[in-house]
Amino acid sequence: MRKISYIFISLALLFCFEGLWAQDCTDSVLFNAGKLKPAGEGANSKYEYAISGAVNLATTPGNEALRGKVKSQLEQAIEAAPDKDIRQFLESQLYFMGVPVEPAAGPSEKELLAAAKKLARSRNSNERCQSIWLYSDVYGKENAARVLAAMSDKDKAYRMTALHSYEKYADNQFYAALTALFPKLGTDAKADILYFLGEQVADSQIDAIIGEFDGANAADAMAAAAKIGGEKALAALIGHLGGNYDCDAYLALISFNGDVRGSVENALKNAPAAAKPSLLKLAGERHCTASFEDVVDLLDSQDSKTALAAANALKGVSIPEDAVHVAQLLQSLKDDNLASPVSDALIGCYSDSDGKASAVRILSVVKDAPESVKERFYPALASTNSDLAADYLLTAFKSGHSDAALKALSAIDNFKAAPALLEAASKDDSHLIRYVELVSRFVKDDSAKAGEYATALKSAVSAKVKSRIIDAMASVPQLETVNRLEALLSDPEVAYNAANALKSVVKEMAGELPYTKIKECFDKVVKVYQGTGNADDLYAIDEMKNFLSGLKK
Amino acid sequence: MDKSRRSFIKKSTAAVAACTILPREVFGRMGGSNNFIAPSDQLTHGIIGVGGIGRSDSHFYSDSSCRLVAMCDVDSNHLKSAFEAAKEQFGQTARTYSDWRELVHDPNVDVVHIATPPHWHGIMACEAARAGKDIWCEKPMTRTIGEGKRVLEAVKRNGRVFRLNTWFRFKDTFYGLGTTVKPLKKLVDSGLLGWPLTVRISGATGFAWKFFWVGKENLDPQPVPECLDYDMWLGPAPYKPYNVHRTHQTFRGYWDYDGGGLADMGQHYIDPVQYILGKDDTLPVKVEIDAPQQHPDAVGTWRSITYTYGDGCKIILEGEGYESEGKVPYIEGPLGKVYKGFECTIPNVMNVINELPDPKIEETDFIRAVGSRHQFSLDESKGFHSSTVVNMGVCALRLGRNLEFDPVKQMFVNDDAANLLIDQPMRGDWANYIK
């Protein structure tokens with residue numbers, strides 16, 4: 001008995017360490033190859049690891065001494081391979097013992113030119129494009145004339161390819177030759193050249209480019225000027241704001257290659273009225289804080305478009321020190337349409353401040369404000385996330401400002417808003433989504449969390465809202481959550497979400513739940529996943545099976 | 001469209017009849033800088049691979065800007081299902097093919113959408129470029145570095161417009177990082193974080209590496225389903241007995257076709273980083289791995305992969321379950337750090353960023369790019385570079401060692417076996433399509 005045990009243990013040890021030994025030893029390739037079985041007749045992976053491990057070791061730089069041995073063994077193994085699949089595997093490993101082939105010498109210049117000439121006569125656009133590249137290969141920088149001639153070609157792909165082929169050779173002389181073609185070229189070809197000049201940052205041609213600002217190629221020219229940058233381009237673009245190509249000029253300025261702020265701030269003082277909306281937008285986008293007063297003045301513009309642009313820009317040009325001024329503006333605005341963007345500006349002023357202190361300051365303005373404008377301050381109050389603000393808004397919710405207050409309570413990051421959201425959910429269950437977000441954030445105790453989600457579920461009507469609540473339940477490892485999610489598996493509208501959540505919760509609770517319960521839950525989840533046929537779900541089924549197999553029954 | 005040609009067509013019915021039998025490419029591309037595409041020049045597209053991602057909105061659409069006119073799949077069930085869906089959803093009766101070459105050479109197809117597993121991408125893209133088609137290609141752009149080089153050359157030399165199907169460099173919230181890429185780009189360009197920078201792509205910073213895309217070892221051979229042309233499914237990949245796990249969605253778990261979660265998600269995650277760091281035209285000089293030995297057929301998991309550029313910038317990938325603990329910066333420089341949600345150690349960072357110009361305008365509308373022949377924002381060159389970063393990691397994992405790379409020669413340094421992974425053998429004649 002002892003002898004049998006000894007033999008058994010030795011064999012077991014030999015079996016266990018066989019692969020390990022083989023992986024470390026390049027002498028073992030032939031041995032391991034001999035163990036490979038035809039597909040489906042044995043588990044080959046241990047030997048495959050060993051062989052590829054030996055190959056990786058032998059091909060590591062510095063291990064050249066090992067290569068001959070491994071290569072020879074692979075060759076012998078290939079000879080002896082019992083079937084083509086094993087041979088193919090061994091050949092794939094032998095491949096790594098080779099040396100990369102040096103690329104063959106390319107065609108001669110004569111051959112390239114012959115090919116280029118032939119392809120140039122083709123009716124296929126792409127073959128003609130190939131020809132211009134071949135000419136480029138041969139002539140390099142000397143191919144300029146051909147590229148310039150291509151600008152008269154009707155095929156856009158050919159023109160653009162010609163320019164592309166000359167990118168690395170192009171210089172100021174070439175750029176000048178391109179723009180000299182403008183009088184003879186149509187809109188389409190000029191568009192290609194302007195694009196090229198912009199990509200190449202051809203600043204020597206900025207005058208010619210600006211010369212196209214007023215024609216059919218205005219957009220192309222402005223985009224090119226923006227890529228090039230410089231004072232001339234900047235002045236020209238600002239000068240075209242408010243004109244026929246206002247939109248294109250704005251787009252060019254917002255990504256202008258350089259700092260536009262000083263010019264925008266100056267222009268805002270002096271530019272014609274038509275240019276003001278775009279200038280205001282730029283001022284706001286580019287945080288032109290020096291323009292704050294100019295922007296405030298324009299809030300009173302007779303032109304509604306300008307006034308709205310000023311309101312929208314206010315946030316971008318304000319700094320925290322402007323808070324009081326902005327609050328006064330919000331209170332005194334005559335046009336209600338401007339209230340929302342000015343409110344955003346006020347929120348911006350307080351964004352880095354202490355919530356409670358900000359709420360105190362805002363409320364000091366609100367308390368003296370006419371009743372008709374108090375609601376304008378609700379978003380700013382909500383942004384402070386303070387208890388003070390929440391209490392004020394809850395009072396407003398219960399009085400004659402319920403809609404505006406509810407909107408603010410839906411935005412505030414404070415759990416005091418929760419009861420209002422629950423109440424509102426009785427009319428519109430979408431409020432439960434925000435309710436659940438607050439619960440997730442502020443309720444720390446899992447048991448309490450589970451209770452809150454259960455309350456939310458009771459009020460949920462739509463599948464979308466139920467699904468969101470279920471997603472949140474996935475992070476609450478409680479038995480009551482498990483039970484609730486199991487029950488939801490029978491609701492086809494939310495079964496998939498419930499299955500995902502149940503899988504997560506059960507995995508989390510594996511240490512607390514009995515094996516039978518875990519298996520029962522997983523079986524139910526598998527049933528839902530199998531219904532989808534989705535590859536990710538099939539993997540999830542594999543994952544659960546693996547998980548179960550690792551648990552003690 | 002130039003007016004003279006349009007009036008010529010209107011005047012002469014005989015001329016119209018003649019024009020309709022001439023290839024589209026004789027007339028070149030339409031569109032121009034005003035972006036108008038006349039109905040007579042409405043673009044068309046065909047999709048190769050309609051079983052998985054080929055049915056997503058990126059590919060499976062048909063509208064006035066680009067009609068779906070053809071589709072191809074080696075699985076007849078997928079093809080049938082897609083054909084019916086196109087009829088139902090778009091009222092469009094598409095031509096169906098089981099051989100992708102026929103779709104690529106279909107004169108009625110202007111744009112080829114490549115939505116197959118990655119082992120086909122290089123061959124199809126090269127052939128499509130040579131056939132005069134513009135290309136919309138799934139990621140990773142190619143399975144190997146060598147195929148990527150050839151696609152880059154083919155697209156360039158044939159004057160084609162190419163887009164890779166990832167987009168985070170120009171739109172959408174960048175996964176769990178909780179911000180778009182634009183402010184990150186502006187912040188890095190500002191120099192406020194200093195240089196060099198380290199970027200960490202990890203569950204800790206909002207990115208999941210989908211480790212469920214691992215392969216299975218010891219696959220048993222199974223009968224090939226009647227609906228599947230397995231030989232064509234494999235294409236250039238080595239012949240291995242059919243097992244359902246090798247095909248359709250789960251092909252991602254096998255080196256012959258893809259590279260697991262790294263290759264599946266790598267280009268989505270790494271392409272924006274190349275953009276943010278201003279490294280669209282270069283590559284790392286080193287890749288270091290911390291991973292168990294990989295099986296030669298089935299992709300496994302890994303703990304970390306670190307790429308280092310010549311200037312010291314790094315991209316660190318952390319595998320699932322091996323994330324750094326605590327609060328981890330997404331971008332870290334000598335002068336500042338950026339965390340999830342764009343939390344930043346630079347005071348008033350949003351104000352600072354707002355004062356800076358937006359990044360250079362790029363074309364992010366593919367149909368407009370086809371019309372204008374401008375480079376699409378994520379073109380073949382940028383796609384090649386970010387897919388090469390991914391493939392460098394794949395090579396290091398497969399060989400089980402760190403590797404050095406020459407970004408100019410685009411080859412591994414002093415490692416023949418790694419360079420043998422740049423261009424890999426292809427079954428049958430498929431290599432002829434990518435020479």
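## A salt bridge inside chain B

The term stands for a side-chain nitrogen of Lys or Arg within 4 Å of a carboxyl oxygen of Asp or Glu. This is a predicted model, so local features need pLDDT of at least 70 and side-chain atom pairs count only at pLDDT 80 or more, while totals for chains, interfaces and linings use all residues. Residues are numbered from 1 along each chain as its sequence is written, chains are lettered from A in the order in which they are written, and side-chain values use heavy atoms, leaving out hydrogens and water.

## Two domains of chain B

Chain B is split into domain 1 (1–25), domain 2 (26–164) and domain 3 (175–424), with bounds that come from an automatic or database domain assignment. Going by C-alpha atoms, the centres of domain 2 of chain B and domain 3 of chain B sit 24 Å apart. Contact here means heavy atoms within 4.5 Å, and 50 residues of domain 2 of chain B touch 49 residues of domain 3 of chain B in that way.

How much area do domain 2 of chain B and domain 3 of chain B bury between them? About 4000 Å², with 64% of it on carbon and sulfur atoms. Buried area is the accessible area (1.4 Å probe) that two parts lose on being put together, summed over both. On the domain 2 side, V74(B), R143(B) and I145(B) lose the most area to domain 3 of chain B, together 18% of what that side buries. The interface of domain 2 of chain B and domain 3 of chain B also holds three salt bridges.

## Where chain A meets chain B

Now for the two chains: 64 residues from chain A and 66 residues from chain B take part in the contact. Chain A and chain B bury about 5300 Å² between them, and 52% of that is on carbon and sulfur atoms.

How many salt bridges are there between chain A and chain B? The count is four. K360(B) and E199(A) also join their side chains in a salt bridge, at 3.1 Å from N to O. As for the classes of residue, the side of chain A that touches chain B has 22 nonpolar, 24 polar and 18 charged residues. Here Ala, Val, Leu, Ile, Met, Phe, Trp, Tyr, Cys and Pro count as nonpolar, Asp, Glu, Lys and Arg as charged, and the others, Gly among them, as polar.
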